[in-house]
Amino acid sequence: MQRRFTHAFVRAGAAILAAILTSSVCAQGGPPLVTDDPDTPGRGNWEVNAAVIGAQSHGHWDLAVPDLDINYGWGEHVQLKVDLNWASAETEPGRRMSGLGATDFGVKWRFVDQEKSGFALSIYPQESMNLAPSSVARGLTTEGRQFFLPAEISTSYGEFNLDAEVGRNFVQRGPDEWLAGVIVAHPCGPALECGFELHGVLIEHQFEPLVNLGVHWQIAKHVILLAAAGREFGSAADDRQRFLFYFGFQLLRES
């Protein structure tokens with residue numbers, strides 16, 4: 001069953017990626033979805049995503065309340081990121097703990113522009129580390145650092161926005177991971193965009209696919225509501241996310 005689902009996931013991803021590469025015509029990746037895109041905030045601009053993120057696995061919830069994803073445009077083609085959260089998890093049956101979660105630092109560089117080439121390309125190295133040793137000791141975060149090195153590509157085809165990302169996550173205290181995702185987004189109402197995402201993680205010989213649906217709703221000039229819901233398929237492992245959600249707001253500030 002898992003092998004058939006994996007093959008279907010790969011075929012769907014390949015079809016979307018082919019559409020991206022052959023299109024002559026920017027995609028909306030990133031929060032609330034997992035797959036990112038090459039877009040950057042622009043010179044001197046700020047983009048702050050404030051959200052609640054939850055994942056249910058094996059009958060309990062892991063939460064990030066809040067999750068703050070802070071981005072700054074260092075020039076037109078470079079984005080600086082800090083992502084930190086307050087994690088809450090059931091570390092033992094009936095016992096919930098909270099504390100500072102893992103903090104991510106990233107630099108995105110878009111080296112191909114859609115306006116000139118018909119598509120955009122970027123790389124987005126990110127370092128994840130634990131700034132609170134007590135969170136590791138209590139089981140809120142995993143021990144060691146992680147370094148994620150992905151590449152993103154995006155374009156548009158008519159009213160459809162297309163985005164894809166693939167990269168490797170180098171894990172200090174565990175097996176490395178390969179991650180890939182594709183997004184198809186389309187306007188679905190006034191100031192509203194809906195997105196469908198296929199995302200997957202390959203750890204050693206275990207593949208965990210994720211199906212996600214998300215929306216961007218611009219409720220004011222500098223405020224966008226972000227929401228998504230999805231679930232992982234594949235194995236019946238205890239840590240498989242049977243349901244996950246993202247709900248928050250994107251706050252924009254222009255220089």
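Residues are classed as buried at under 20% relative accessible area, as exposed at over 50%, and as partly exposed in between, with a 1.4 Å probe and protein chains only. The model is predicted, and local features need pLDDT of at least 70, side-chain atom pairs count only at pLDDT 80 or more, and totals for chains, interfaces and linings use all residues. Residues are numbered from 1 along each chain as its sequence is written, and side-chain values use heavy atoms, with hydrogens and water left out.

The structure holds 6 aromatic pairs, a pair being two rings of Phe, Tyr or Trp (its six-membered ring) with centres within 6.5 Å, counted as stacked if the planes are under 30 degrees apart, edge-to-face if over 60 and tilted for the rest. One of these is the edge-to-face pair of Trp61 and Phe243, with 6.1 Å centre to centre and 80° between the planes. This pair links distant parts of the chain, as Trp61 lies in strand β2 and Phe243 in strand β14 (residues 243–253), 182 residues apart. Helices (H or I, at least four residues) and strands (E, at least two) are DSSP runs, numbered from the N terminus. Trp61 counts as partly exposed because its relative accessibility is 28%, and Phe243 is likewise partly exposed, at 33%. Together with Phe245, Trp61 and Phe243 form one aromatic cluster. Elsewhere, Arg231 lies over the face of Phe233, at 4.9 Å from the ring centre; this term requires NZ of Lys or CZ of Arg within 6 Å of the ring centre and within 35 degrees of the ring normal.

The largest nonpolar core comprises 8 residues, namely Leu33, Ala51, Ile183, Ala185, Ile224, Leu226, Ala228 and Tyr246. Such a core is a set of buried Ala, Val, Leu, Ile, Met, Phe, Trp, Tyr and Cys residues joined through side-chain atoms within 4.5 Å. Strands β10 (177–189) and β13 (223–232) each supply at least two residues of this core, and the largest share, 3 residues, comes from β13.

Asp67 itself lies in strand β2 (residues 60–73). Asp67 is buried yet has no salt bridge, and the nearest side chain of opposite charge, Lys81, is 8.4 Å away. In assigning charge, Lys and Arg count as positive and Asp and Glu as negative, whereas His and the chain ends are not counted. Beyond residues up to four places away in sequence, Asp67 touches Asn49, Ala50, Ala51, Ile53, Asp83, Leu84 and Asn85.

The structure holds 6 salt bridges, each defined as a side-chain nitrogen of Lys or Arg within 4 Å of a carboxyl oxygen of Asp or Glu. Among them, Lys108 pairs with Asp37, the closest N and O atoms being 3.9 Å apart. Lys108 lies in strand β5 (residues 103–112) and Asp37 in the loop between α1 (2–22) and β1 (46–57), 71 residues apart. Lys108 counts as buried at 1% relative accessibility, and Asp37 is buried at 3%. Arg110 and Asp113 also meet in a salt bridge (2.8 Å, N to O); Arg110 is buried at 12% and Asp113 at 14%. The side chains of Glu127 and Arg145 form a further salt bridge (3.6 Å, N to O). Glu127 is partly exposed at 23% relative accessibility, as is Arg145 at 46%.

Key. Contact means heavy atoms within 4.5 Å.
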